Amino acid sequence: MTTNAPLALDRRTGWPADLRVLLDQHPRKTWPGHPNLGALCRFWLERHAMFRELARALAAGAEALRQGKVDAAEFQPWFAPRMRFFLQQLHHHHLIEDHNYFPLFIAAEKRLVRGFQVLEADHGVIDADIHELGAASDGLLSALRRPTADLPGATAALGGRLPGFSRKLDRHLDDEEDLIIPLILERSEAALGVG
Ligand SMILES: [Fe+2]
Ligand SMILES: [Fe+2]
């Protein structure tokens, strides 16, 4: 794993040349009309778009609370179900990728194995963040219910984490798409056993 250190989630800015072999043949602008962009690809890209959007919305909501633009009574019923859904779905999404999809992709394309090791390591980093965000979110929701609680402290504890988390998540999702979509376009979902 030492050799993958430069590709750690908080350090890399995209894939190195050896992991761009298929991306160079299938750049993003060719994806939308490609005949091999099947139902799974479309569903999976939509899930990624939803995670990006939810991460931004939750960060913006926490910032609005910090600035006093929304009050607790308005914030709590908006925030609580969205945060719970976001963290649970993202964790579940990682489990499916690690156990159901990555093994098929690794078996199909040995040149990209290192990329999948990096993505699996990302999941570990993001899952630790999910745990921390869950605790900070519970702390904020509990502070919102108690008039004597340190609400500014609880708001900052959550709000301070969300923008950095969103940046890491964007990096992971972009790189994951750049590794997997070109592979599927090259081989097809059916040939890879995911269609
Ligand atoms: Fe992932
Ligand atoms: Fe993903």
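Q: How are the donor residues of the iron ion (ligand 1) spaced in sequence?
A: The spacing is E-x25-H-x48-H-x3-E. Bear in mind that this is a predicted model.

Q: Which residues and atoms are those, as protein donors of the iron ion (ligand 1)?
A: They are E97 through OE, H123 through NE2, H172 through NE2 and E176 through OE. Their distances from the iron ion (ligand 1) run from 2.0 to 2.2 Å.

Q: And the arrangement of the four donor atoms around the iron ion (ligand 1), what is it?
A: Irregular, because the angles they subtend go from 87 to 176°.

Q: Where in the chain do H123 and E176 sit?
A: H123 is in helix α4, residues 113-145, and E176 is in helix α6. The two are 53 residues apart, and the pair links distant parts of the chain.

Q: H123, buried or exposed?
A: H123 counts as buried because its relative accessibility is 1%. E176 is buried as well, with a relative accessible area of 0%.

Q: Over to the other metal. What are the protein donors of the iron ion (ligand 2)?
A: H48 and H93, each through NE2, plus E97 and E176, each through OE. They lie 2.0 to 2.2 Å from the iron ion (ligand 2).

Q: What spacing do those donors follow along the chain?
A: For the iron ion (ligand 2) it reads H-x44-H-x3-E-x78-E.

Q: What angles do the four donor atoms around the iron ion (ligand 2) subtend?
A: They subtend 80 to 170°, which makes this arrangement irregular.

Q: Change of topic: how do α3 and α6 cross?
A: Their axes come within 13 Å and cross at roughly 30°. The crossing is left-handed.

Q: Which residues meet there?
A: From α3 they are M83, F86, L90, H93, H94, E97, F102, F105 and A108. From α6 they are L162, F165, L169, H172, E176, I180, L183, I184 and R187. By class, the contact has 12 nonpolar, three polar and three charged residues. Iron donors are included in the contact, among them H93 and E97 from α3.

Q: What about C41, where does it lie?
A: C41 lies in helix α2. C41 is buried, with a relative accessible area of 1%.

Q: What does C41 touch?
A: Leaving out residues up to four places away in sequence, C41 touches I181, I184 and E189. The C-alpha atoms of C41 and L185 are separated by 9.4 Å, although the two residues are 144 apart along the chain.

Q: And A190, buried or exposed?
A: A190 counts as exposed, because its relative accessibility is 65%. Its place is in helix α7, residues 189-192.

Q: How far is A190 from G38?
A: C-alpha to C-alpha, A190 and G38 are 9.1 Å apart in space. In sequence they are 152 residues apart.

Notes: Residues are numbered from 1 along each chain as its sequence is written. Chains are lettered from A and ligands numbered from 1 in the order in which they are written. This is a predicted model: local features need pLDDT of at least 70, side-chain atom pairs count only at pLDDT 80 or more; totals for chains, interfaces and linings use all residues. Side-chain values use heavy atoms; hydrogens and water are left out. Donors are N, O and S atoms within 2.8 Å of the metal (3.2 Å for Na, K and Ca); water is not among the atoms, so sites may look incomplete. Four donors count as tetrahedral if all angles lie between 85 and 135 degrees; four count as square planar and six as octahedral if opposite donors are over 155 degrees apart and all others between 65 and 115; anything else is irregular. Axes are lines fitted to C-alpha atoms, for helices over the stretch in contact, and angles run from 0 to 180 degrees between N-to-C directions. Helices (H or I, at least four residues) and strands (E, at least two) are DSSP runs, numbered from the N terminus. A crossing is left-handed if the near helix is turned anticlockwise from the far one by less than a right angle, and right-handed if clockwise. Contact means heavy atoms within 4.5 Å. Ala, Val, Leu, Ile, Met, Phe, Trp, Tyr, Cys and Pro count as nonpolar, Asp, Glu, Lys and Arg as charged, and the others, Gly among them, as polar. Buried means under 20% relative accessible area, exposed over 50%, partly exposed in between (1.4 Å probe, protein chains only).
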